Structures are given as C-alpha cells and as structure tokens.
Amino acid sequence: MGRDDGEGRNGGAPDTELPEGLRIFGSVLKALRRAARLTQEEFAPQVRYSVDYIAKIEQGKRFPPSDLPERSGPVLGEVAASVLKAAAKDLRRRAGLASWFRQWAEIEEEALTLYAYECRVVPGLLQPEPYMREVHGSYLPPLTDAQLEAQVAARMERQRLLTERGNTAFSFIIEQHVIERELGGSGVTRSLIDHLLDRASLRNVELLIMPRRRIAHAGLNGPLYLAETPDREWVGYTEAHDTSHLFTEPNQVGAMLQRYGRMRGQALDSEASLSLLEHMRGAP
C-alpha cells in the first residue's frame, strides 16, 4: 500500500507527533526504574532487552514489548509491574497510524487471511527498520523527527501480527523491481532481503516475487490488499497519495480476488522466489 501500507505511509503524518500513550508509558517506566535506583545500563540486561531499546521506550519512540511488565516484576517489584501493565493497557497498534488507514488496521488485526500485492514498495508488514526509515524519510513534505519515529514505532508494532497470529495466512506478491531499486543503498537492500528470507520461513507466510518480464499481468490496476474477516467475508483495500478506499461490495471484492488469484499463478512460486532473493543478495 502506498509508501508501505498505511501508517501514514503514502503520506499522511500521524495525527499527533508522538502517541500520547507511548510518552506516558515511557515516563512511567523511567520513574519506576529510577525509584529502584537502576540506570538504563543496569536495568536493560535484567529484563533481557538492549539498552538502546529501553532508552527508546522511555523516550516514547518504541512500543513496549507485551512481556515487558512481566519481565520487570523480578527487577522492579510486583507493584511496579502492575503499574506498567496498567500504563500499557491503552496502547493500541493504531497509535501513530494515519487516520485514513486506521479502519484497515483494525480489519488487519482480526483477519483470518491477508493478501497483499505491491509494485511500489515492500509491504509494511515485511519492512525491516532500515528500509522503513528510508521509506518514511522519502516522504514530502518532510516529516519531523518525532513524526518519523512515531510512524516507525507503529509499523514495527504492526509487524508482530506475523508471529502473534500464527493461524492467519499471509500471502505477499512483490514486484522484482521494488527490491532491485536499492532504496537506501546496497546495505539497506541486503538487510531487506535478509529480512524477507527470514519472514518467508514462517509457516503462515507465503512470499512470491513477480518477475520483471511477464507477457501477461493481472495487476496492472496497481497495488491491492485483501482480508478475510472472522465472519468469512472478504474486504479489499487500496491507497495512494494520502487517501484510501475500502471495498466491501461483493462484485468489486470478487474482482480483486480474481486478480490476486491470477497473479499468484503468474508470479514465481515460493521456491523460485526464495532462490531469486538469495541470488539478488549475493555472497554473505
């Protein structure tokens, strides 16, 4: 979707510079850590996270891991852990997302099946942090540092769907040229390919590459996203230039499903797609 898929991706800075819930949680964690007379360097290894990660959580630039309150219990005490759990209660994945994307984000969180076809950028659910920073850094008008951090934090939080929703089937079709563009340079591209290969190893993720040369192509209308809801109904989604459209009318959604199904046959199969990625990556 757009710049990636939705968190203000194709534009759209988030509605607030930093999600209020993130700032509050970070302040609470910092206060509890200091009350325990611990520095970040002392606290981080005891909860098994990096010092840099803890620092960014305290600054309101990262969503806290769901198990951070539990890990903090033996270090800060059970009362402090309960306070952290309460502070995290109102944090939601859609914080930091563009307003026009939030409806799809809610559908995405509950979907039984998710399909994505992209010809502009790697879908947001598959972007490693260096790549997503290049995506957001390319946005015009430029984002402030705070806006960029909020969008990166929101996108990284969304990516937990791939591992937390093991029963959701994810299918991604990405145009070969999207990766060959080398957005951010060769180092960013290598980290991107490594990340794609890692995500493709998950049992619930299918990753297909659409080769540069195709005599026929069912995706000429542009990127599309599809989701199967818990009610076993399908909805479609598209976006561009700070706008989006949700498709629920059966004939429209049916046409999108037909196009996606045809593209799955036109793209390289899973094995060939992974082989191509490994070839594009080159030697370790």
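Select glutamate 249 and asparagine 251 in this predicted model.

Colour Val253, Met256, Tyr260, Met263 and Gln266, the buried residues of helix 12. They lie on the same side of the helix because they cover an arc of only 140 degrees around the axis. The face turned away from this buried side carries the exposed residues Pro250, Asn251, Gln258, Arg262 and Gly265.

Which strands do the buried residues of helix 12 pack against? They pack against strands 1 to 6, including strand 2 and strand 3.

Next, display strand 3, residues 205-210. Five of its six residues are buried, so strand 3 is largely enclosed by the rest of the structure. Strand 2 (residues 169-175) runs parallel to strand 3, and six bridges join the two. Glutamate 206 of strand 3 is the bridge partner of serine 171.

Now select Trp104, Phe172 and Leu196, the residues with the most contacts inside the largest nonpolar core, which has 34 residues. Helix 11 (residues 186-200) gives the most to this core, with five residues. Apart from this core lies another, of 16 residues, among them Leu29, Tyr49, Ile57 and Leu68.

Finally, centre on leucine 196. Among the residues that leucine 196 touches are Val122, Ile174, Leu207 and Leu277.

Conventions
Residues numbered from 1 in each chain as written. Predicted model: local features only at pLDDT ≥ 70, side-chain atom pairs only at ≥ 80, totals over all residues. Heavy atoms only, no water. Buried < 20%, exposed > 50% of the residue type's maximum accessible area, 1.4 Å probe, protein only. Helix = DSSP H or I, 4+ residues; strand = E, 2+ residues; numbered from the N terminus. Pairing = 2+ DSSP bridges. Core = buried A, V, L, I, M, F, W, Y, C linked by side-chain atoms within 4.5 Å. Contact = heavy atoms within 4.5 Å. Arc of directions from axis to C-beta. Polar contact = N/O pair within 3.5 Å; in protein donor to acceptor, adjacent residues only side chain to side chain. Lists of a residue's contacts leave out its neighbours within four places in sequence.
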